[in-house]
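The sequence and the structure are shown first.

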Amino acid sequence: MTLPGPDLTPAATHDYRAPGLAVREHRLQVPVDWSAPDAYPPIEIFAREISDPARAGDDLPLLLFLQGGPGGQGPRPLSRGWWSTALRTHRVVLLDQRGTGRSTPVDGRRIAAFDGATAAADYLACFRADAIVADAEHLRHTVYGGRRWATLGQSYGGFLTLAYLSAHPEALTACYVTGGLPSVTGDAEAVYRHTYPRQLARNRVLAARYPDDVARLGHLADRLGAGPAVTLPNGDPFTVERLQLLGMPFGMSYGIDGLHWLLDTALADESTAEPSDAFGAAVAHQTGFDDNPLYAVLQEVIYHQGERAGGWAAQAEHERWPAFAAAARPLQLTGEAVYPWMFDQIRALRPFRAAAAELAARTSWPQLYDVARLAANEVPVAAIQYYDDPYVDLDLALETVGALGNAQVWVTNEYLHDGLRVAGDVIVPRLMSLAAGTTSLP
C-alpha cells in the first residue's frame, strides 16, 4: 500500500496576529517510524507558537505544551486560558501530536486503505509516546536550533513527560505536570483495577447530588434494553452500553452537572422513557469519537511495555464489577475506558475494529520509560495530582513520584482532572515556583 505523503518543504512557517496573540505556525515532515524512516511516506507535524504581542520581539524561554489524550489536538487559544498566564514569561508551543489536528490526521479512511489488520496495527503502533517525543525533538532542533525548553504536560502529557525525561533529559529545563503522572512499571490492567472504584465513587456523587437523575437513567436504560431498538441520528444503535459512556466526563469539573442538564430534556415521552431527538444527538456527539478516534484506538496501547498477556484490559476489569453491568440498577456510568463493543457500535470507530483487535492481542511492546534514568533525573519536575481524579490514580502517581528524581507533587482535592483549564492562573505559577525552588510544599 502507498500512502500519500505531504508535499511540503521542511519547517515551513507562517506568521500572523490573532486577538491578543502573536502567532507563528510551523509545519515540518517526520517519518512515521523513527526506527525505520523509509517504511512509510513521511507525515506532517504542525505546531503553533504563541506569544504576547507586546513581547513578541523578546527572547523569552520556550514552553512546550504536551496535550492530553491520546488522540487530542493541541488547544486552540480561542479565549483566555492557562496560556494567558504562561505568556507573561514564555513563548508557548502548542503541538498537534502526530495523527491529530493539522498533523496528518489519522481517520477511518486512512486506516481502511491498509491491506489487512496487521498492516494497519503496525502503522498505529507508531503513534505512541516515544514517537511523539521524537517529533518534539525534531521540532526543537529544526525550528529552534536545539534550544532547551520546559514542558507542561496535561493528563496524557504526563506520560509524554516521563518518556521525554527517559529519552532526552538534556533537552529540558523543567517539567510541569497536571493530573498525569502514570505508573512507569504498571500495566493497563493495574490502572483499571485502581480506577474502577474511583469511577464508582463518582457515580455516588451523582446519586447524592441528583437522585432523580439516577432514576431517569434507569428508565432510559430499561427502554433501551427492552426494545424496539433505538437509533441515534447518525445511524448508530443507541444501547445501554452507549448510554453508560456518558459517565466518561465524570472526572471533569463540569461532568456531573453537565450530565444533569443534559438529562433535563432527555425524554420525549416521560411515560415510555422514549429518548428525545435532541438527547440522541447529544449522545451521538459526546460518545462518537468523530474528532478523535485515536483516543479510543490507543487508550490501552499507551500503557503497554515489554511482554504482556494480550487482551482488552478495561473489558476484563469491567466483567469483575457486576455493579457496572448494563442490566444492573441503579445504572452505573462508565469512565475513561474503551471496550471492544465500541468498535462495532460506533460509526467513527468501525474502520479501526480489526486493527484495534490486533493491537489488543499483541504481547510484546517497546519500552516507553527508562526506570534507571528517571530515578537519576536532575531536571526539576513539579506536578499536581487531584485526590478525586478517576482517570489517573493517585496511589500510582505517588509511586511514580517516589521513583523519580528531583520531583515534587502537590496533592489537592480543590480541583478535578481539568484543574489546568479551570484554574490555570493558580496552578501554572505555583508549579513553576515549585520547580524553581522559590516556594515549597507544606
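## The second largest pocket

Two elements, α4 (129-144) and β11 (364-365), each contribute at least two residues to the lining of the second largest pocket. Helices (H or I, at least four residues) and strands (E, at least two) are DSSP runs, numbered from the N terminus. The model is a predicted one, in which local features need pLDDT of at least 70 and side-chain atom pairs count only at pLDDT 80 or more, while totals for chains, interfaces and linings use all residues. Residues are numbered from 1 along each chain as its sequence is written, and side-chain values use heavy atoms, with hydrogens and water left out.

The second largest pocket holds about 260 Å³ of space. Its lining consists of 14 residues, of which Asp33, Ala125, Cys126, Asp130 and Pro366 are the closest to the centre. On a 1 Å grid over the protein atoms alone, a pocket is an open set of points with protein on both sides within 12 Å along at least five of seven lines, whereas a cavity is a set of points where a 1.4 Å probe fits but cannot get out; lining residues have an atom within 4 Å of a point. Grid points are joined across faces, edges and corners, and a volume is the space filled by probe spheres set on the points. Eight residues of the pocket lining are nonpolar, two are polar and four are charged. In this classification Ala, Val, Leu, Ile, Met, Phe, Trp, Tyr, Cys and Pro count as nonpolar, Asp, Glu, Lys and Arg as charged, and the others, Gly among them, as polar.

## Nonpolar cores

The largest nonpolar core comprises 78 residues, and those with the most contacts inside it are Tyr123, Leu124, Trp149, Leu165 and Met342. Helix α5 (residues 156-167) provides the largest share of this core, seven residues. A second, separate core has 28 residues, including Trp82, Trp83, Leu152 and Tyr415. Such a core is a set of buried Ala, Val, Leu, Ile, Met, Phe, Trp, Tyr and Cys residues joined through side-chain atoms within 4.5 Å. Buried means under 20% relative accessible area, exposed over 50%, and partly exposed in between (1.4 Å probe, protein chains only).

When residues up to four places away in sequence are not counted, Leu124 touches Val106, Ile111, Leu294, Val297, Leu298, Phe352, Ala355 and Leu359. Contact here means heavy atoms within 4.5 Å.

Five cavities of 30 Å³ or more are found in a search of the whole structure. The largest cavity has a volume of about 150 Å³. Among its 18 lining residues, Phe159, Val191, Tyr303, Tyr391 and Val392 are the closest to the centre, and the elements that give two or more residues to this lining are α5 and α6 (188-209). By class, the lining of the largest cavity has 11 nonpolar, five polar and two charged residues.

The second largest cavity has a volume of about 110 Å³. Its lining is formed by Val191, Tyr192, Thr195, Tyr196, Gln199, Tyr303, Gly335, Glu336, Ala337, Pro390 and Tyr391. Seven of these lining residues are nonpolar, three are polar and one is charged.

Arg308 lies in the loop between β10 (306-307) and α12 (313-318) and is buried, with a relative accessible area of 11%. The Arg308 side chain makes a polar contact of 2.7 Å with the side chain of Glu189. A polar contact is a pair of N or O atoms within 3.5 Å; within protein, one must be able to donate a hydrogen and the other to accept it, and residues adjacent in sequence count only if both atoms are side-chain atoms. Apart from neighbours within four places in sequence, Arg308 is in contact with Glu189, Ala360, Arg362, Thr363 and Trp365.

Glu270 is located in the loop between β8 (267-269) and β9 (274-275). Glu270 is exposed, with a relative accessible area of 55%, and its side chain is joined to that of Arg216 by a polar contact of 3.1 Å.

## Backbone features in loops

Gly69 and Pro70 are joined by a cis peptide bond with omega of about 5°; Pro70 is in the loop between β4 (62-66) and α1 (82-86). The peptide bond from Gly227 to Pro228 is also cis, with omega near 0°, and Pro228 is in the loop between α7 (211-226) and α8 (240-244).

Phe289, a residue other than glycine, has a positive phi near 60°. Phe289 occupies the loop between α10 (277-286) and α11 (293-297) and is buried at a relative accessible area of 7%. Asn406 has a positive phi near 55°, lies in the loop between α16 (394-402) and β13 (407-412), and counts as partly exposed at 43% relative accessibility.
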